Amino acid sequence: MLTSLSIRNVVLISKLDLDFKSGLSVLTGETGAGKSILLDSLGFVLGNRAETGLIRQGADKLSVTATFDIRIKDTPLEGIFSEYELDIPEDEIVIKRTLSTEGKGKIFLNDQSISAKVLKEIGRYLVEVHGQFDNQGLLNPANHQSVLDSFGGYDEQRAEVSKTYKEYKAAQKARIEAESSISKAKSDEEDLRHWLSELEKINTYRGEEEELSQKRLEMMNSEKLLESLNHAYGALSGNFDIISSIRQAASAIEKANMLVNGKYDNIVEMLSETLVNAEEAMSEIEAASQNVSLNENDLNALEERLFALRSLARKHQCSVDELPDVMAKFQTELNAIEHGEEGLEELKRAEERAKNAYEEKAAQLSEERKTAAAKLDFQVMAELAPLKMEKARFETKVEALPETSWNEDGKDNVYFTVSTNPNSPQGPLNKIASGGELSRFMLALKVNLAKTSNVGTMIFDEVDAGVGGATAKAVGERLARLAKDVQVLVVTHSPQVAASGNHHFKVEKHTEKDVTTTTVKQLAYGERMEEIARMLAGEKVTEEARAAARVLLSA
């Protein structure tokens with residue numbers, strides 16, 4: 001609910017501070033007094049486009065501040081505040097917006113700076129303006145489905161439709177991906193079999209490249225290796241016969257050790273270990289010598305295999321060590337071709353089951369919508385006759401969408417249509433109805449939708465245009481009824497509507513020393529009676545007009 005509005009330097013308003021309360025507030029005044037400036041100011045602070053033409057002549061900037069008493073928790077606003085990392089207030093929002101003559105402006109929400117885009121998103125949930133400034137809300141067919149759903153109150157069915165739609169789309173995605181995978185694999189099948197055959201034939205293993213590289217290095221230095229090994233063997237078994245010398249030394253120490261009662265055990269042990277190591281070394285050297293290949297053909301064969309492995313790795317854009325993994329991958333893809341059709345058929349069946357479940361829930365939701373549409377149409381039509389629109393027809397269309405347009409909200413296209421004359425075709429609200437008719441259609445709708453509205457304040461701009469007498473009284477009665485559920489502000493030229501308000505503001509224009517200023521004053525009972533009398537009588541207020549005003553106010 002809007003609780004206060006402070007305006008500085010907007011067109012004809014120099015300084016204005018207004019406080020608002022719940023219920024129905026009416027704004028009256030002569031044509032040209034500046035009532036539209038209030039709506040422009042409110043629109044500006046709620047995110048409408050910033051126009052420097054709004055700045056009062058002679059001022060360097062304007063500012064508008066609006067305060068709202070509103071609960072954010074568990075409302076659509078909470079999601080917006082969270083998305084843009086705004087502090088969530090307990091029960092009040094203060095929005096201040098400024099604009100300089102250079103076109104620069106600032107926007108603050110509870111002292112946090114925000115963008116015009118964020119302001120516009122938030123403003124949608126604070127105030128609805130119906131009339132010449134209404135370019136969204138009920139006039140936008142894109143909103144009609146959510147409006148009907150809120151009116152119908154079948155949230156559980158909507159949740160079921162959303163859940164089954166997501167499951168259907170997930171199953172559809174799995175089937176499409178499987179088909180794509182199998183299709184790609186089939187197109188590559190001949191190549192896969194050829195590549196797999198190559199890899200199976202070469203039969204490599206992880207680490208083979210390193211082994212072959214080491215062997216190649218050894219074979220390229222085989223003569224030097226053999227020479228060094230033979231020299232080592234000869235050094236151990238040649239003229240000096242180291243092995244025999246160690247044996248002799250060990251035998252002599254053992255004899256001496258016996259004479260000293262084992263005193264030289266450690267020497268005996270060391271010579272024994274040396275003898276064992278020397279003999280094993282000779283054996284290893286001999287074996288190594290036998291394994292050194294001097295065969296040129298062996299080296300060529302090894303190099304050919306190493307070349308083949310590296311060539312195959314380059315072909316598959318991997319390392320030699322990764323070739324076994326590539327072979328396994330190709331085998332898996334071929335298995336998918338051979339066994340994938342069976343899995344695909346199961347995915348198709350799962351998709352069909354999910355689709356059927358969605359269609360069933362969506363069909364139930366469609367029936368709920370049609371029932372709610374009939375109820376809404378009946379209730380709106382009941383409001384039209386007293387509003388002097390007895391020949392008009394309001395109808396909520398619930399039509400089936402093509403399958404390509406199904407979504408998590410169901411299979412329906414919902415939109416409101418009107419016809420203002422018996423022989424006229426049904427058409428969109430904003431295309432068929434005139435300004436005054438449109439406002440009354442909106443009023444008839446909002447009276448029935450008030451309990452499900454996401455906003456706390458509604459503004460009607462000249463909803464009584466072109467009507468008077470009993471019709472104007474009916475408009476006032478419906479505005480008052482609507483104001484029991486939401487705060488309502490109405491700009492009116494009708495005394496009957498003005499008399500229906502809980503609070504009355506008079507907009508006046510004053511000129512002093514060639515400077516024109518608009519002011520707004522909340523009227524007490526006597527002032528209010530005089531204003532309604534003026535609206536009844538015109539420029540010269542008569543006693544008869546005052547008496548009629550008293551009757552209207554007491555009704």
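Q: Is the crossing of α17 and α18 left-handed or right-handed?
A: The model is predicted, with residues numbered from 1 along each chain as its sequence is written; local features need pLDDT of at least 70, side-chain atom pairs count only at pLDDT 80 or more, and totals for chains, interfaces and linings use all residues. Side-chain values use heavy atoms, with hydrogens and water left out. A crossing is left-handed if the near helix is turned anticlockwise from the far one by less than a right angle, and right-handed if clockwise, while helices (H or I, at least four residues) and strands (E, at least two) are DSSP runs numbered from the N terminus. By this convention the crossing of α17 and α18 is right-handed.

Q: At roughly what angle do the axes of helix α17 and helix α18 cross?
A: Axes are lines fitted to C-alpha atoms, for helices over the stretch in contact, and angles run from 0 to 180 degrees between N-to-C directions. The axes of α17 (residues 525-537) and α18 (residues 543-554) come within 8 Å, and they cross at roughly 115 degrees.

Q: How many residues of the contact of α17 with α18 are charged?
A: Contact means heavy atoms within 4.5 Å, and the residues that meet include Tyr525, Arg528 and Glu530 in α17 and Arg546 and Arg550 in α18. Ala, Val, Leu, Ile, Met, Phe, Trp, Tyr, Cys and Pro count as nonpolar, Asp, Glu, Lys and Arg as charged, and the others, Gly among them, as polar. The contact of α17 with α18 divides into eleven nonpolar residues and no polar ones, and the charged residues number four.

Q: How many residues of strand β12 are buried?
A: Buried means under 20% relative accessible area, exposed over 50%, and partly exposed in between (1.4 Å probe, protein chains only). Thr457, Ile459 and Asp461 point one way from β12, whereas Met458 and Phe460 point the other way, and all are buried. Strand β12 (residues 457-461) is therefore largely enclosed by the rest of the structure, its buried residues being five of the five.

Q: Which residue in β13 stands opposite phenylalanine 460?
A: Two strands pair if DSSP finds at least two bridges between them; strand β8 (residues 127-130) pairs with β12 in the parallel sense over four bridges, and there phenylalanine 460 is the bridge partner of histidine 130. β12 also pairs with strand β13 (residues 487-491) in the parallel sense, over five bridges. In β13, the residue opposite phenylalanine 460 is valine 490.
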